[in-house]
Amino acid sequence: MSTQPSSYHIIAQAISYITEHFKEQPSLNEIAASVSLSPFHFQRIFTAWAGVSPKKYIQFLSVEYAKNRLSNHHESLLDTAFETGLSGPSRLHDLFVNIEGMTPGEYKNGGKLLVINYQFSNSLFGELLVASTAKGVCHLEFVDEQQSAIDRLTNRFPNAQLHCIPDIMQRDAIDFFQRDWNTHSPTQIRLHLKGTEFQLKVWQALLAIPSADLTSYGQLAQTIGSPKASRAVGTAIGNNPIAFLIPCHRVIQATGSFGGYRWGTTRKSAIIAWEGANQKVG
């Protein structure tokens, strides 16, 4: 990805403005002014990041766009989930992700038996913290402040041995944000996750949602065979420890509103609209 890491902060400000004013169809000059840039400079930065112009991007932030994706997607999500059986390798973009649940012994006593390596890296949607065990990536989050991110990782695994060391598990995850998946072969990423049986089932179901498609909490609950468990599904989504690769951002409210997100509503809006725009132009 050629976009400079610092560009996301400018993009995030612009998206916040667009999200608030998209019904008014703001002009390029108005959006550029909201981030204190000239229209020419802003257009160049935004198009490099999103792959489309700001004007084109606005339509992918529309509630109507989200509603259309919801209505068109429900059946295909069920079909996809059925085909994958909600287990084993699942397709996400051109990437294969395999979830392995931690054994009770591995996370007993705060992960006392775990050795976890971690590193920070840049991505299209801001800075990342990626952490891994010998079996796979166990934690991936968007970061606004590094020490707070390390504190959250420590709180999840208070007795694990933590080392600021890059490894191949992290590299495979980071590469996903840096490669053009139209020209590269898919990489298999292994995830080593702590979660209940229900949480793991929900996270597996999330992997079955194709890029640029959206589903609701109720639809996802039906997919996993628990149609009355929308609230529990929402809780499991909120506890997802792997940002973006397990695409909890693709679950929105039945009204078409994007709703909340563990790593910020602006970032969720950015990801959803970016995926929609790139699906259309790809």
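A nonpolar core is a set of buried Ala, Val, Leu, Ile, Met, Phe, Trp, Tyr and Cys residues joined through side-chain atoms within 4.5 Å. The views below come from a predicted model.

**Figure 1. The largest nonpolar core holds 71 residues.** Four members touch the most others: W49, Y57, L140 and F142. L140 gives a close-up of the packing. Beyond its neighbours within four places in sequence, L140 contacts L128, L129, V130, A173, F177, P241, I242, A243, L245 and W263. Another core, of 13 residues, lies apart from the largest one. Its members include M102, C138, L153 and F157. In soluble globular proteins, nonpolar side chains tend to be buried together.

**Figure 2. The whole chain, for orientation, has 12 helices and nine strands.** Of its 282 residues, 50% count as buried. Take the contacts between residues at least 6 apart in sequence: 67% of them join residues at least 24 apart.

**Figure 3. Helix α1 (residues 7-21) crosses helix α3 (residues 39-50) at roughly 100°.** Their axes come within 10 Å. An angle from 65 to 115 degrees counts as roughly perpendicular, so α1 and α3 fall in that class. From α1, the contact takes in S7, Y8, I10, I11, A14, I15 and I18. From α3 come F42, I45, F46 and W49. By class, this contact has 10 nonpolar residues, one polar and no charged. W49 is also among the four residues that touch the most other members of the largest nonpolar core.

**Figure 4. Helix α9 (residues 197-207) is largely enclosed by the rest of the structure, because eight of its 11 residues are buried.** The buried set is Q199, L200, V202, W203, Q204, A205, L206 and L207. Two glutamines, Q199 and Q204, belong to that set.

**Figure 5. Helix α9 packs on helix α11 (residues 230-238) at an angle of about 80°.** The axes are 9 Å apart. The two helices are therefore roughly perpendicular to each other. F198, Q199, V202, W203 and L206 form the α9 side of the contact. A232, V233, A236 and I237 form the α11 side. By class, the contact has eight nonpolar residues, one polar and no charged.

**Figure 6. I224 sits in the loop between α10 (217-223) and α11.** I224 is buried, with a relative accessible area of 4%. F198 is 26 residues from I224 in sequence. In space, their C-alpha atoms are 9.3 Å apart. F198 also takes part in the contact of α9 with α11.

**Figure 7. N240 occupies the loop between α11 and β9 (251-252).** N240 has 0% relative accessibility and counts as buried. Not counting residues up to four places away in sequence, N240 touches W203, I246, C248, R262 and W263. W203 is on the α9 side of the contact with α11, and W263 is in contact with L140.

**Figure 8. A212 and F244 have positive phi values although neither is a glycine.** Most residues other than glycine have a negative phi. For A212, phi is about 80°. A212 lies in the loop between α9 and β8 (215-216). At 4% relative accessibility, A212 counts as buried. For F244, phi is about 70°. F244 lies in the loop between α11 and β9, where N240 is also found. F244 is buried, at 3% relative accessibility.

Key
Residues numbered from 1 in each chain as written. Heavy atoms only, no water. Buried < 20%, exposed > 50% of the residue type's maximum accessible area, 1.4 Å probe, protein only. Helix = DSSP H or I, 4+ residues; strand = E, 2+ residues; numbered from the N terminus. Axes fitted to C-alpha atoms, helices over the stretch in contact; angles between N-to-C directions. Parallel < 35°, antiparallel > 145°, perpendicular 65-115°, else oblique. Contact = heavy atoms within 4.5 Å. Nonpolar A, V, L, I, M, F, W, Y, C, P; charged D, E, K, R; others polar.
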